[in-house]
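Hello,

Here is the structure I promised to pass on. Please open it alongside this email. My notes follow below it.

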Amino acid sequence: MKSLKECLSVVQSHVKAGSYTVMIIGLGSVGTYLLDFLVSDADEAMRIVVVGRSRARMEEKVNIVRISALIREKNRSTIEIRDGVDLTDIRAIHRVIEEVRPDFIVNSSRAYPGLKYGSISWSNFRAYGIWTPLAIRFTKNIMQACRRADTDAIVINTSYSDAVIPWLKSAGKPYPDFGSGNLNHLVPRIRFAVAEMLGVGDFWNVDVMFAAGHFHDVVISKEGQTEGVELPLKLWYKGEEIALVSGDDAGGVVKTGSSMESSGTKSINENELYLRCSISMPTDAQRNMMNASSNYRIISGIVKVMRLGWDSVRLYIPGAFGEIGGYPVRVGWQTSAGQKDAGTGGS
């Protein structure tokens, strides 16, 4: 398969030419939310192709999204339906990828639609690894089809990516370029919590640098604690670094270095921060609004970098470069022999 850098270069040429295509495979709750978010961009250059088995089911969801967006005067994208594609049939997936030639492929399919794997097991078994075979099932087929099609598309996986992507890579199989979800669900909670603890209302000026595996994303979100594991976390407010303190109160030990020990530096208690990340949330398919949002963030971020000439955009990617865990990754421009071209790197 082509490298991510090669794919980014091709996608960039299409974005700059004023026409690019997003393919959504599987139109369940994640796919439908994502379709709504993309259409709401009112981007005339964007063509969206939804892929699945049942035309009738996809048509219902496409219609409600199209009509609702036009009520808001937001719908300017074209939406196409490609039905009759069984995700157990690699040849069928290959065929539709070759016909459509997408720039982005989002795999939002699930082996059992509507089933939140972790909600079943967490109270009895606090781990998600047992669900990996279900999460990888269709992803493996889609990636095999992508290899056969020699696609230029950037592929995004939506289900347990920090296990699925490394597993595929370790087996010598083609694997998605990006994962979604994971830390994208936790980092906004951290930003809100930091703003509350600082007593400020402009939470959008809180910046976070963080890395962790899927387990800690879940255990912090559900239980407000880290199982005693010290995680790599740095915080800023309006560009000023915030000191993290350990212990029971803000008078604890400053962990971020001597430069943080000055009396004028803001500090917050790390344990309390994580505790505040455990907030009331839906446990049904409504949660997938977050996963869809992180897919939207990846696509829109990449397109904006290419279209507006931004230096880069920081994304939180589970399974980045086939690695276990979730990491901040910058997608943007690399300087090479005086030229600027699309590239990626850790952040």
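Predicted model: local features only at pLDDT ≥ 70, side-chain atom pairs only at ≥ 80, totals over all residues.

Cysteines

The structure holds 0 disulfides. Cys 7 is in none. Its nearest cysteine sulfur belongs to Cys 146 and lies 9.2 Å away.

Thr 32

Thr 32 sits in helix 2, which spans residues 29-39. Is this residue buried or exposed? Thr 32 is buried, because its relative accessible area is 17% and the cut-off for buried is under 20%.

Leaving out residues up to four places away in sequence, Thr 32 touches Leu 27, Lys 61 and Val 65. Val 50 is 18 residues from Thr 32 in sequence. In space, the two are 9.5 Å apart, C-alpha to C-alpha.

Helix 7

Helix 7 covers residues 161-170. Of its 10 residues, 7 are buried, so the helix is largely enclosed by the rest of the structure. Which residues of helix 7 are buried? They are Ser 161, Asp 162, Ala 163, Val 164, Ile 165, Pro 166 and Leu 168. After helix 7 comes Gly 172, with a positive phi near 75°.

Best wishes

How values were computed
Residues numbered from 1 in each chain as written. Heavy atoms only, no water. Buried < 20%, exposed > 50% of the residue type's maximum accessible area, 1.4 Å probe, protein only. Helix = DSSP H or I, 4+ residues; strand = E, 2+ residues; numbered from the N terminus. Disulfide = S-S within 2.5 Å. Contact = heavy atoms within 4.5 Å.
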